Amino acid sequence: MPPDLKSYLLVFLGTFLFLGAFIILLATLYTKKQQRNKNEKKEMQLQYHQTLLQSQLEIQEQTFKNISQEIHDNIGQALTLAKLNLNTMPSVTDQQKEKIFTTKEIISKTISDLRDLSRSLNTDYIADMGLQKAIEYEMNLISKSSSIKTETITEGKPFVIDKQKELILFRIVQEVLNNAIKHSEAKSIIAKMIYGSDSFELLITDNGKGFKIDDPKREKQPGSGLGLRNMDNRAKLIGASFSMNSGPGAGTEVRIILPFSHSV
Ligand SMILES: Nc1ncnc2c1ncn2[C@@H]1O[C@H](COP(=O)(O)OP(=O)(O)OP(=O)(O)O)[C@@H](O)[C@H]1O
Ligand SMILES: [Mg+2]
C-alpha cells in the first residue's frame, strides 16, 4: 500500500473513531439528562403530593379544632344550662321528679361524652398530653363507652417525638381504633407502643372478625372508605412505614414504624 493511502486511511479511521466516541458521549449525556429530568419530575410530583396532603391535613386539623371549640363553648354550655333549668323546676309530683332526675342523668352523660369527644378532636390538647397519654386516653374512652376491653402497653423508655409527627401518628391510631369499633366486632383491642433504640413502633391489634385486605370488590364499591388509604398516606408523610395484617376470622393487626432518624 502506498504510504499516502496508508496515512489517509489512518486519518479516516482516527476521525471515524473520534466521531464514534463523540456520538456515544453525546448519547450518554443525553440519556443521563433525560433520566435526570425524569427523576426531577418524579421528585416534583412527590413534593406536590406531599404539600397537597400536608395542607389537607392542616385544613382537617383546623376543622377538628373548630368543632371541638363549638362543642365546648356552645353545645356544652347549652346542655349545662338545660340541666340547671331542670334543677329549678317549680313544684313537681314524685313521678315528674323521677323523670327530671333521669333527664338530668342523660344530660350529664351527654356533657361528659361531648367533653371526651372535644378533647379527642382538639389538636392543642393532644399536643399538651403527648402521644403516649393521648393513646391511653383514647383506649380508656373505648372501654368506658363500649363492651370492648382495651389494654395499652408501653415498652422501652419513652423519648420525645416531633409534635407534628405525634399528631399524625395519633390521627392514624384514631382511624385504626374507629375501624376496630365500627367493623371488627372485637372483644378486645391492644395498643402497644415500643420505644426502641432506633425506632418508635406502634402495634394495634383487635381480635375481631378481620377482613380480606386486597379485596378488589371492596375497593371498587362506591361507598368504600378513605380510612385505609389516608392512614398509609399519613404514615408516608412522616417517613413511617404502615402495614396491616388481617384475614377473615383472624382479627386485624396494624403496625406503624417511625425510624429514629425521622423522629427527632
Ligand atoms: N379492624 C377491622 N376489622 C374488620 N374490618 C375492617 C377493619 N378495618 C377495616 N376493615 C374493613 O376495611 C374497610 C375499609 O376501611 P376504611 O377505614 O378504609 O373505610 P371505612 O371505615 O368503611 O370508611 P371511613 O374510614 O372512610 O369512614 C371497612 O369498610 C371494613 O370492611
Ligand atoms: Mg374507617
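Biologist: Let's zoom in on strand 5: which of its residues is the bridge partner of Met244? And what surrounds that strand?

Modeller: Val254 is the bridge partner of Met244 in strand 5. Before we go on, keep in mind that this is a predicted model: local features need pLDDT of at least 70, side-chain atom pairs count only at pLDDT 80 or more, and totals for chains, interfaces and linings use all residues. Residues are numbered from 1 along each chain as its sequence is written, while chains are lettered from A and ligands numbered from 1 in the order in which they are written.

Now, the strand itself. Helices (H or I, at least four residues) and strands (E, at least two) are DSSP runs, numbered from the N terminus. Two strands pair if DSSP finds at least two bridges between them. Strand 5 (252-259) pairs with strand 4 in the antiparallel sense over 6 bridges, and strand 3 pairs with strand 5, again in the antiparallel sense, over 8 bridges. Then look at Ile204, which stands opposite Val254. The hairpin of strand 4 and strand 5 has 5 residues between the strands, and Gly249 takes a positive phi near 80° there.

Step back and you'll see an open sheet of 5 strands, in the order 1-2-3-5-4, with mixed pairing. Strand 1 (149-155) and strand 4 (241-246) stand at the edges with a single partner strand each, so one side of each has no neighbour in the sheet. On average, neighbouring strands here are turned by 10° against each other, direction ignored; the axes behind that angle are lines fitted to C-alpha atoms, for helices over the stretch in contact, and angles run from 0 to 180 degrees between N-to-C directions.

Back to strand 5, which has two faces. Thr252, Val254, Ile256 and Leu258 make up the covered face, and Glu253, Arg255, Ile257 and Pro259 the uncovered one. For single residues, buried means 20 or more other C-beta atoms within 10 Å of its own, exposed means 12 or fewer, and partly exposed is in between, with C-beta atoms placed from the backbone.

Ile256 also turns up in the largest nonpolar core. A nonpolar core is a set of buried Ala, Val, Leu, Ile, Met, Phe, Trp, Tyr and Cys residues joined through C-beta atoms within 7 Å. This one has 29 residues, and Ile135, Leu169, Phe170, Ile172, Val173, Val176 and Ile256 touch the most other members. Helix 4 (131-145), helix 5, strand 2, strand 3 (199-206), helix 7 and strand 5 each supply at least two residues of this core. Helix 5 gives the largest share, 9 residues. As a general pattern, nonpolar side chains tend to be buried together in soluble globular proteins.

Who touches whom? Two residues are in contact if their C-beta atoms, placed from the backbone, lie within 7 Å. Not counting residues up to four places away in sequence, Leu169 touches Leu131, Leu202 and Ile256. Ile126 lies in helix 3 (residues 123-129) and counts as buried because it has 25 C-beta neighbours inside 10 Å. The C-alpha atoms of Ile126 and Glu166 are 40 residues apart along the chain but separated by 8.7 Å.

Last stop: what follows helix 5? Glu185 is found in the loop between helix 5 (163-184) and strand 2 (188-195). Glu185 has a positive phi of about 55°, although it is not a glycine. That's worth a second look, because most residues other than glycine have a negative phi. Glu185 is partly exposed because 13 other C-beta atoms lie within 10 Å.
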